[in-house]
Every structure is written in structure tokens, then in C-alpha cells.
Amino acid sequence: MSRDRIAYAATNPHDVQVGQIWEDTDPRGYGPHIQVYALNGAYAECYQVSRGTSQLAAGEDKRYRNGKPRRIRLDRFKPGSTGYKLVGGEAQ
């Protein structure tokens, strides 16, 4: 991974915010929905949520109910076959 790519990701080019729900747009399968629970430098820390899940109540933490949290580089939150698309959730 080049430092330039990580530096670009650290600028949060797609305005990812905690509480948003995104869908994986990989054309090979049924893209899971993930919710952002923290931003850490060039990465969003996310966990998988069920499709149609509403945003979490303040203080509710479901990070580990659906497996290991995912760490996704912020520049990947864009529409396209290798990215994600925003499907819901408001910033907290």
C-alpha cells in the first residue's frame, strides 16, 4: 500500500461519518450492509448489520454481534464494483 493512497484516504474524500450504513457493491454477490462505528485515521471501523437495520440508539454497541469488526480504507466508500454505496443512517 503506497503512502500516497493512505494519505489520500486520511482526507476522508467521501465524507464518511459514524452511524452511516453502507452497502458493499461487489458484483460477485449479495453485498452486505455495514455500519460505521468509528473513524481511525485513514480507516473506518465497521461491523455488518442486517439489511433494513435502522441506526443504533445512542450508546448501543453491536460491534461484535456479527463477527469481527472490519477496517475499511476511507477512499473505498464510493460507488462502483470495488466500493460501497451509502444506503442510510445519519451521522451521530
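## Aromatic pairs

Search the whole structure, which is a predicted model, and three aromatic pairs turn up. A pair of aromatic rings is described by the distance of the centres and the angle of the planes.

Take Trp22 and Phe77: their ring centres sit 4.9 Å apart and their planes meet at 75°, so this pair counts as edge-to-face. The two come from distant parts of the chain, 55 residues apart. Trp22 belongs to strand β1 (residues 21–24), while Phe77 is in the loop between β4 (70–73) and β5 (84–88). Both Trp22 and Phe77 are buried. Ring pairs also bring in Tyr84, giving a cluster of Trp22, Phe77 and Tyr84.

## Two tyrosines on strands

How are the rings of Tyr37 and Tyr47 arranged? Their centres are 5.7 Å apart and the angle between the planes is 40°, so the pair is tilted. Tyr37 is part of strand β2 (residues 33–40) and Tyr47 part of strand β3 (residues 43–49), so the pair ties together parts 10 residues apart in sequence. Tyr37 and Tyr47 are both buried.

## A charge over a ring

Another ring to look at is Tyr43. Arg71 lies over the face of Tyr43, at 3.9 Å from the ring centre.

## Around Gln35

Strand β2 also holds Gln35. Is Gln35 buried or exposed? With a relative accessible area of 1%, Gln35 is buried.

Which backbone oxygen lies 2.9 Å from a polar atom of the Gln35 side chain? That oxygen belongs to Gly19. As for Gln20, its C-alpha atom is 5.7 Å from that of Gln35, although the two residues are 15 apart along the chain.

Conventions
Residues are numbered from 1 along each chain as its sequence is written. This is a predicted model: local features need pLDDT of at least 70, side-chain atom pairs count only at pLDDT 80 or more; totals for chains, interfaces and linings use all residues. Side-chain values use heavy atoms; hydrogens and water are left out. Rings of Phe, Tyr and Trp (its six-membered ring) pair if their centres lie within 6.5 Å; planes under 30 degrees apart count as stacked, over 60 as edge-to-face and the rest as tilted. Helices (H or I, at least four residues) and strands (E, at least two) are DSSP runs, numbered from the N terminus. Buried means under 20% relative accessible area, exposed over 50%, partly exposed in between (1.4 Å probe, protein chains only). A charge sits over a ring if NZ of Lys or CZ of Arg is within 6 Å of the ring centre and within 35 degrees of the ring normal. A polar contact is a pair of N or O atoms within 3.5 Å; within protein, one must be able to donate a hydrogen and the other to accept it, and residues adjacent in sequence count only if both atoms are side-chain atoms.
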